[in-house]
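Reader: I should like to learn how to read the features of a protein model. May we go through one together?

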Amino acid sequence: MAARKKPADEAAAPRASKGAAAAGAQAAPKPQAMLRTPIGQGAALARLLTAARTLRMHHAVVVGGAPGTGKSTIARWIAAALICPSELDTEGPCGVCRHCRRIASGAHPDLHILRPPDQKQVIPVESVRELQDTLQLAAVEARARVVILDPADALGEEGQNTLLKTLEE
């Protein structure tokens, strides 16, 4: 029996040292979410970014195109240009400030992304009504509140009509 206990004791020793090493090691820092810069789009995107940076943006902008062409990337970039307070870049968002990083991670309190719930293909009208209530309040941290409908064609007819009332006001 003594021979059997000895290998078990030896096996326990390396585990203890591994545990001690793991406890003393620092966790790797989480990578920061970064905004993806849209590619292409030329003068049209430049005009939208200038309007956003100077707070002369229309109350609604439609970003359309085929699937996979970067509509969501452009929508987030425009949202960041509108929300970003940095004056480092007059033609677009800085991409590195706290606001830009929070937009990239989807955690900015003034950026609202309206999507269909899991396992559904339509954005419910209740979500649109909740959004309307939220939009009645002033921006929490930014210069403005921004809503991205992703995808906009996921709104049902009742949701479209409800949202149209907000856009008209």
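**Reading the fold and its core**

Author: Along the sequence, the chain follows the pattern α-α-α-α-β-α-β-α, with six helices and two strands in the chain. Helices (H or I, at least four residues) and strands (E, at least two) are DSSP runs, numbered from the N terminus. This is a predicted model, in which local features need pLDDT of at least 70 and side-chain atom pairs count only at pLDDT 80 or more, while totals for chains, interfaces and linings use all residues. Residues are numbered from 1 along each chain as its sequence is written, and side-chain values use heavy atoms, with hydrogens and water left out.

Reader: What percentage of the residues in the chain is buried?

Author: Buried means under 20% relative accessible area, exposed over 50%, and partly exposed in between (1.4 Å probe, protein chains only). Here buried residues make up 29% of the 169 residues.

Reader: Which residues have the most contacts inside the largest nonpolar core?

Author: In soluble globular proteins, nonpolar side chains tend to be buried together. A nonpolar core is a set of buried Ala, Val, Leu, Ile, Met, Phe, Trp, Tyr and Cys residues joined through side-chain atoms within 4.5 Å. The largest one has 23 residues, and Cys100, Leu111 and Val146 have the most contacts inside it. At least two residues of this core come from each of helix H2 (42–53), helix H3 (71–83), helix H4 (98–105) and strand S2 (146–149). H3 gives the most, with nine residues. A second, separate core of seven residues includes Leu114, Leu131, Ala154 and Leu155.

Reader: How many residues of H3 are buried, and what covers them?

Author: Eleven of the 13 residues of H3 are buried, among them Trp77 and Leu82. Their cover includes H2, H4, strand S1 (111–114) and S2.

Reader: What span should H3 have?

Author: The expected span of a helix is 1.5 Å times one less than its number of residues. For the 13 residues of H3 this gives 18 Å, and the end C-alpha atoms are 18 Å apart, which agrees.

Reader: Are H3 and H4 roughly parallel or antiparallel?

Author: Axes are lines fitted to C-alpha atoms, for helices over the stretch in contact, and angles run from 0 to 180 degrees between N-to-C directions. The axes of H3 and H4 come within 10 Å and cross at roughly 155°. Angles over 145 degrees count as roughly antiparallel, and H3 and H4 are therefore roughly antiparallel to each other. Contact means heavy atoms within 4.5 Å; Arg76, Ala79, Ala80 and Ile83 of H3 meet His99, Cys100, Ile103 and Ala104 of H4 in this way.

How values were computed
Angles under 35 degrees count as roughly parallel, over 145 as roughly antiparallel, 65 to 115 as roughly perpendicular and the rest as oblique.
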